[in-house]
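Hi everyone, thanks for coming. Let me put the sequence and the model up, and then we'll walk through it together.

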Amino acid sequence: MTFEELTKNKPPVEWKERMDEDDDLFTDENINATNEVLDFYINNLVKLGDKPTEEDILECVKEVVIILNEINEQYDDFIETMEREELCEFIIEAAHIAGLESEEDITEDWREW
């Protein structure tokens with residue numbers, strides 16, 4: 001998978017569909033905020049180049065997770081179990097595309113959601 005393919009399947013795409021089906025967990029605001037931070041994350045990973053260090057990749061992971069913590073708090077804890085799993089899967093897959101070789105949940109150290 002590539003960053004481009006992954007970006008087309010960001011969790012907020014599915015969240016928008018669920019919102020349109022009357023899932024009141026989501027708003028345009030929390031979806032847009034999450035979408036923007038995930039784009040920011042991907043862009044930061046791309047900027048690392050072809051052979052980033054594990055430390056550099058994990059710094060990007062830490063940054064996106066901390067921002068998502070803030071977004072979740074700002075929008076009344078909308079990240080529940082399913083959303084957490086979707087976000088973690090996205091963040092971990094992007095880190096793998098960037099070159100991280102880990103089978104662990106690399107979001108756990110900073111994640112509050």
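Here's something to look for while you settle in: which residue lies over the face of Trp 113? The residue is Arg 111, at 5.6 Å from the ring centre. For a charge to sit over a ring, NZ of Lys or CZ of Arg has to be within 6 Å of the ring centre and within 35 degrees of the ring normal.

Quick housekeeping. This is a predicted model, so local features need pLDDT of at least 70 and side-chain atom pairs count only at pLDDT 80 or more, while totals for chains, interfaces and linings use all residues. Residues are numbered from 1 along each chain as its sequence is written, and side-chain values use heavy atoms, with hydrogens and water left out.

Okay, the overall picture. The chain has five helices and zero strands, and from the N terminus its elements go α-α-α-α-α. Helices here are DSSP runs (H or I, at least four residues), strands are E runs of at least two, and the numbering starts from the N terminus. The radius of gyration is 14 Å, close to the 13 Å from the globule rule for 113 residues, so the chain is as compact as a globular protein of that length. That radius is taken over C-alpha atoms, and the rule is 2.2 Å times the number of residues to the power 0.38. If you like boxes, the C-alpha atoms fill one of roughly 45 × 25 × 20 Å along the principal axes.

How much of the chain is buried? Of the 113 residues, 42% count as buried. Buried means under 20% relative accessible area, exposed means over 50%, and partly exposed is in between (1.4 Å probe, protein chains only).

Now contacts, meaning heavy atoms within 4.5 Å. Take the contacts with a separation of 6 or more: 70% of them are between residues 24 or more positions apart.

On to the inside. In general, nonpolar side chains in soluble globular proteins tend to be buried together. A nonpolar core is a set of buried Ala, Val, Leu, Ile, Met, Phe, Trp, Tyr and Cys residues joined through side-chain atoms within 4.5 Å. The largest one here has 33 residues, and Tyr 41, Leu 45, Val 64, Leu 68, Ile 91 and Trp 113 touch the most other members. Each of α1 (3-7), α2, α3, α4 and α5 supplies at least two residues, and α5 gives the most, with eight.

Let's zoom in on Leu 45. Not counting residues up to four places away in sequence, Leu 45 touches Phe 3, Ile 57, Cys 60, Ala 94, Ala 95 and Ala 98. Ile 42 sits in helix α3 and is buried, at 6% relative accessibility. Leaving out neighbours within four places, Ile 42 is in contact with Phe 3, Leu 6, Thr 7, Phe 90 and Ala 94.

Next, the aromatic rings. How many aromatic pairs does the structure hold? Two. Rings of Phe, Tyr and Trp (its six-membered ring) pair if their centres lie within 6.5 Å; planes under 30 degrees apart are stacked, over 60 edge-to-face, and the rest tilted. Trp 15 and Phe 26 have centres 5.2 Å apart and planes at 20 degrees, so that pair is stacked. Trp 15 is in helix α2 (residues 11-20) and Phe 26 is in the loop between α2 and α3 (28-47), eleven residues apart. Trp 15 is buried at 0% relative accessible area, and Phe 26 is buried too, at 4%.

The second pair is Trp 15 with Phe 78: edge-to-face, 5.8 Å centre to centre, with 85 degrees between the planes. Phe 78 lies in the loop between α4 (54-74) and α5 (81-98), so this pair ties together parts that are 63 residues apart in sequence. Phe 78 is buried, at 1%. Put together, ring pairs link Trp 15, Phe 26 and Phe 78 into a cluster.

Last stop: backbone angles. Most residues other than glycine have a negative phi. Which way does phi go at Asp 22, positive or negative? Positive, at about 75 degrees. Asp 22 is in the loop between α2 and α3 and is exposed, with a relative accessible area of 69%. Asp 77 also has a positive phi, near 55 degrees. Asp 77 lies in the loop between α4 and α5 and counts as exposed at 51%.
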